Amino acid sequence: MPFAPPRPCKFTSRGCRKMAVPGSSCCAEHLAQVRREADKKRMSDEDVARVRRWYKTKIWYARRSACLKAALFRCATPGCVNRATDCDHIIPHCGDWSLFIESSNHQALCHSCHSTKTSSQDRGFGNRRKS
Ligand SMILES: [Zn+2]
Ligand SMILES: [Zn+2]
């Protein structure tokens, strides 16, 4: 899929020097932050149950295996030599189907890097942050 030319993150006014994620107006970190804030309001228990079902859909299996194959089963973490087994969402989808299924939002990670990432974000499924 073609990438739009990179633009700076819309939070440049707050000192961000990163480029925006293609198709979005801010960088991955700011997008994740914005999403996390929205997530607190949006992710109800029904949403969590719904997302669990997404992980069982054929289209997800297809996207996941396409992601791993495209990465030649190499983990996306720099320096990591483990075989990638997991398809990670670069921007947390937070119950958003288009982010969930968008292949440009997928990266291959090994199981260990994926667990590190999801636990550092404190958002393993069914384990939502209570704040
Ligand atoms: Zn930013
Ligand atoms: Zn790894």
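Two residues are in contact if their C-beta atoms, placed from the backbone, lie within 7 Å. By this criterion, and leaving aside neighbours within four places in sequence, C110 is in contact with C75, C80, N82, R83, A84, T85 and D86. The structure is a predicted model, in which local features need pLDDT of at least 70, side-chain atom pairs count only at pLDDT 80 or more, and totals for chains, interfaces and linings use all residues. Residues are numbered from 1 along each chain as its sequence is written, and chains are lettered from A and ligands numbered from 1 in the order in which they are written.

Confidence is expressed as pLDDT, the predictor's confidence in each residue, from 0 to 100. The protein averages a pLDDT of 85. A score of at least 70 is reached by 84% of the residues. Among the elements, α3 has the highest mean pLDDT, 98. Helix α1 (residues 28–42) has the lowest, 79. Over residues 123–131, pLDDT stays under 50. The model has 11 contacts beyond four places in sequence for this segment.

The protein contains five helices and two strands. Helices (H or I, at least four residues) and strands (E, at least two) are DSSP runs, numbered from the N terminus. Their order from the N terminus is α-α-α-β-α-β-α. Of the contacts with a separation of 6 or more, 50% are between residues 24 or more positions apart. Buried residues make up 18% of the 131 residues. A residue is buried if 20 or more other C-beta atoms lie within 10 Å of its own, exposed if 12 or fewer, and partly exposed in between, with C-beta atoms placed from the backbone.

Helix α3 spans residues 58–70, 13 residues in all. From its first C-alpha to its last it reaches 18 Å. This is close to the expected 18 Å, the expected span being 1.5 Å times one less than the number of residues. Just after α3, L72 takes a positive phi of about 55°. L72 is not a glycine. It sits in the loop between α3 and β1 (86–89). L72 is exposed, because it has 9 other C-beta atoms within 10 Å.

The largest nonpolar core has eight residues: C67, L68, C75, A84, C87, A108, L109 and C110. Two or more residues of this core come from each of α3 and β2 (106–109). A second, separate core has seven residues, including C9, A20, C26 and C27. A nonpolar core is here a set of buried Ala, Val, Leu, Ile, Met, Phe, Trp, Tyr and Cys residues joined through C-beta atoms within 7 Å.

Strands β1 and β2 run antiparallel and are joined by four bridges. Two strands pair if DSSP finds at least two bridges between them. D88 stands opposite Q107 in β2. In a regular strand the side chains alternate between the two faces of the sheet. In β2, H106 and A108 point one way. Q107 and L109 point the other way. All four are buried.

H114 lies in helix α5 (residues 111–120). It counts as buried because it has 20 C-beta neighbours inside 10 Å. Residues up to four places away in sequence not counted, H114 touches D86, D88 and L109. H114 and A84 are 30 residues apart in sequence. Their C-alpha atoms are 9.3 Å apart in space.

C94 is found in the loop between β1 and α4 (97–101). Although not a glycine, C94 has a positive phi of about 50°. C94 counts as buried because 21 C-beta neighbours lie inside 10 Å. R35 is found in α1. R35 counts as partly exposed because it has 17 C-beta neighbours inside 10 Å. R36 also has its place in α1. R36 and C94 are 58 residues apart along the chain, and their C-alpha atoms are separated by 7.5 Å. With 15 C-beta neighbours inside 10 Å, R36 counts as partly exposed.
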